[in-house]
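This report describes selected features of a protein model, element by element. The sequence and the structure are shown first, and the description follows.

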Amino acid sequence: MTDLRDPGFAATLRSEWTKFASLRSVRVTLGLGIVLGIAATGLLGWAVLATWDEWPAEERAAFAVLDTAVVGTLVTGVLFLVLGVTTVSSEYSSRMAGLTFTATPRRERVLAAKVLVVAAATLVATVVAVAGMIALALLVFSGLDRPGPEAGRVVRVVLGIGVNAALSSVLAVSLTFVLRSAAGSVAALLGLSFGPAVAGPFLPGWWAEHGQRYLLGPAMDSLTLPSFPDSPPGLGTGAAALVVAAWLAVFLAAALATLRRRDV
Amino acid sequence: MITVRGLTKRYGGTVAVDGVSFDVRPGVVTGFLGPNGSGKSTTMRLILGLDRPGAGTATVHGVPYRELTAPLRQVGALLDAKAVHGNRSARRHLTWLARAGGIPVRRVEEVLDQVGLTAAADRKVRGYSLGMFQRLGLAAALLGDPPTLLLDEPVNGLDPDGVRQVRRLLLRLAAEGRTVLVSSHQMAEMQETAEHVLVIGRGRIVADTTLAELTREHGGGRVLVRTPEPERLAAVLAGAGGEVLPGTDCRLDVGGLPAAAIGDAAAAAGITLHELTPSRGSLEDAFLDLVGVGVAA
Ligand SMILES: Nc1ncnc2c1ncn2[C@@H]1O[C@H](COP(=O)(O)OP(=O)(O)OP(=O)(O)O)[C@@H](O)[C@H]1O
Ligand SMILES: [Mg+2]
């Protein structure tokens, strides 16, 4: 007799994990992100060492090992964002989405499972990458007589960047369920990330002082990386958490509404 | 049991499905016939809750598909066999599907074996032939051992052996008391499997009847007869009111008389028959008669 018991959200989560982990391109992107991120830090470190003797004294004094170490997150950030996007867009380009929603007609389960799988993988890979970058930087810069960062700050930075990347992947997954196209979604995400910085100088002064901090990117930085790097005054942790939660809720709600209303 | 009432779907200006109502009952294979673009796939997508109808309802076991508690164990569907990610192997593909449906992963091996894909199960599906995709799609539909099956053109691209296997499979599934809805745009394909037929033309149901009834009502009623004594039989049948066209190799093409009457007349005259077949052409005539020719605008 047919077993009518609901397999539940756990089944969807395991299914989405199987999908994600069974693609070589996913494993390659995660591995490559870690390697290239650390390599970027190594390259900058090498450049610093090579020119160190010519640095003016005040610049040497201002040199912060930790800030330089995490330069590789530019690479990991973009790669993992694209990974989050393609995890969703490939369902549409292969037309497999029809099967996904036949197996799990409850749209909210598929959305939540994809978000959790991608965010967890992004968090772990980013933490590994950033830890690697900092370890390499400490090694490379050990010869300079600069004070090393204190351990507590290192842990906060590693976790902060990891959480930041994971939250960004939530955005990537939600947005791609709305747009369904990898190119469109990547373009929109890059616009969201760099748009404010590009447009900022052209906006009135009160915007930089009072408005900008409520945007998703700056709020996320205030939440996960307080006072890092030297940024304009942001929100306090509590306020930043509220603002980030509100932004993510908007994107998740848009994704869910799209999934429920639009034809697959 | 599938119940469809007043289902309507338009895409922009195109009305794909137009007020369609029907029931699909368990225990027999129901053929869903219609020419290209007549709305078969759209109807199936609406039943599966993939597209949202403009009007009307579709339920499976009395419940809209989106509200089924264990969809893969209740309904097996094959819609678009090539809609799989090319970089996964068949085994991995079926594994994620089994996990999503709460189906034991050992079922994957069973269905792979059932459709004859075990040897190719670890290859990336991007290298599959059309027939192999079709087999994979069938495996996916059978995974949850469901009491209801919706199969959109399942024999498309299969070799003769594959076609025969699918026919047998459909008959067996129906004999086990399952509800089986199978679409096709070829009447002949349904001839040996479907007991009941739904014919759709330009988004509307134009016939909902048994296959036998359909051929009787709409077919030209031509019957192919083969006998060692074609001249004598031609005379006998002409006398009984048949319209007889002589063919090659001791064949006669008979109109105006049902197969049973031809057999009876031959027996009464002591003539041996080597073949007595209601012609496939007549089924196709019935179909064309109902839906007209060409793709709807
Ligand atoms: N997503 C879509 N967007 C726009 N039009 C569509 C869409 N899906 C189907 N149609 C149109 O709806 C009509 C019915 O299409 P459908 O695919 O249901 O036909 P079908 O009976 O399955 O045909 P075939 O035998 O070729 O598979 C066609 O005119 C088709 O062009
Ligand atoms: Mg079709």
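In helix 10 (residues 259-268) of chain B of this predicted model, the buried residues are Ile262(B), Gly263(B), Ala265(B) and Ala266(B). These residues cover an arc of only 165 degrees around the axis and therefore lie on the same side of helix 10 of chain B. The face turned away from that buried side carries the exposed residues Ala260(B), Asp264(B), Ala267(B) and Ala268(B). The cover over the buried residues of helix 10 of chain B includes strand 10 (223-226), helix 9 (230-239), strand 12 and strand 13 (275-278) of chain B. Just after helix 10 of chain B, Gly270(B) adopts a positive phi of about 70 degrees.

Strand 12 (residues 251-255) of chain B contains Val254(B). Val254(B) counts as buried because its relative accessibility is 0%, and under 20% is the limit for that class. Leaving aside residues up to four places away in sequence, Val254(B) touches Gly221(B), Arg222(B), Val223(B), Val225(B), Leu237(B), Glu243(B) and Ile262(B). Among these contacts, Ile262(B) is also one of the buried residues of helix 10 of chain B. The C-alpha atom of Val254(B) is separated by 6.4 Å from that of Gly242(B), which is 12 residues apart from Val254(B) along the chain.

Chain B also holds an open sheet of 6 strands in the order 5-6-7-3-8-9, with mixed pairing. Strand 5 (75-78) and strand 9 (204-210) of chain B stand at the edges; each has a single partner strand, so one side of each is left without a neighbour in the sheet. On average, neighbouring strands of this sheet are turned by 15 degrees against each other, direction ignored. Strands of a sheet pair through backbone hydrogen bonds, either parallel or antiparallel.

| Strands (chain B) | Sense | Bridges | Partner residues |
|---|---|---|---|
| Strand 5 and strand 6 (residues 148-152) | parallel | 4 bridges | Leu78(B) and Leu151(B) |

Helix 5 (residues 130-142) of chain B lies across strand 5 and strand 6 of chain B and runs at about 165 degrees to strand 5 of chain B. Helix 8 (residues 211-218) of chain B packs on the sheet as well, where it touches strand 8 (196-201) and strand 9 of chain B. The direction of helix 8 of chain B makes about 110 degrees with that of strand 9 of chain B.

Strand 1 and strand 2 of chain B form a hairpin with 2 residues between them. In the turn, Gly12(B) has a positive phi of about 60 degrees.

Over all chains, a search of the whole structure finds 9 aromatic pairs. In the pair of Phe22(B) and Phe32(B), the ring centres are 5.8 Å apart and the planes stand at 50 degrees, so the pair is tilted. This pair links distant parts of the chain, 10 residues apart: Phe22(B) belongs to strand 2 (residues 14-24) and Phe32(B) to strand 3 (residues 29-33) of chain B. Phe22(B) is buried, with a relative accessible area of 2%, and Phe32(B) is buried at 0%.

In chain A, Trp52(A), Trp55(A), Phe63(A) and Phe141(A) form one aromatic cluster. A contact between the chains involves Lys19(A), which lies over the face of Trp96(B) at 4.2 Å from the ring centre.

Conventions:
Residues are numbered from 1 along each chain as its sequence is written. Chains are lettered from A and ligands numbered from 1 in the order in which they are written. This is a predicted model: local features need pLDDT of at least 70, side-chain atom pairs count only at pLDDT 80 or more; totals for chains, interfaces and linings use all residues. Side-chain values use heavy atoms; hydrogens and water are left out. Buried means under 20% relative accessible area, exposed over 50%, partly exposed in between (1.4 Å probe, protein chains only). Contact means heavy atoms within 4.5 Å. Two strands pair if DSSP finds at least two bridges between them. Axes are lines fitted to C-alpha atoms, for helices over the stretch in contact, and angles run from 0 to 180 degrees between N-to-C directions. The arc is that of the directions from the helix axis to the C-beta atoms. Rings of Phe, Tyr and Trp (its six-membered ring) pair if their centres lie within 6.5 Å; planes under 30 degrees apart count as stacked, over 60 as edge-to-face and the rest as tilted. A charge sits over a ring if NZ of Lys or CZ of Arg is within 6 Å of the ring centre and within 35 degrees of the ring normal.
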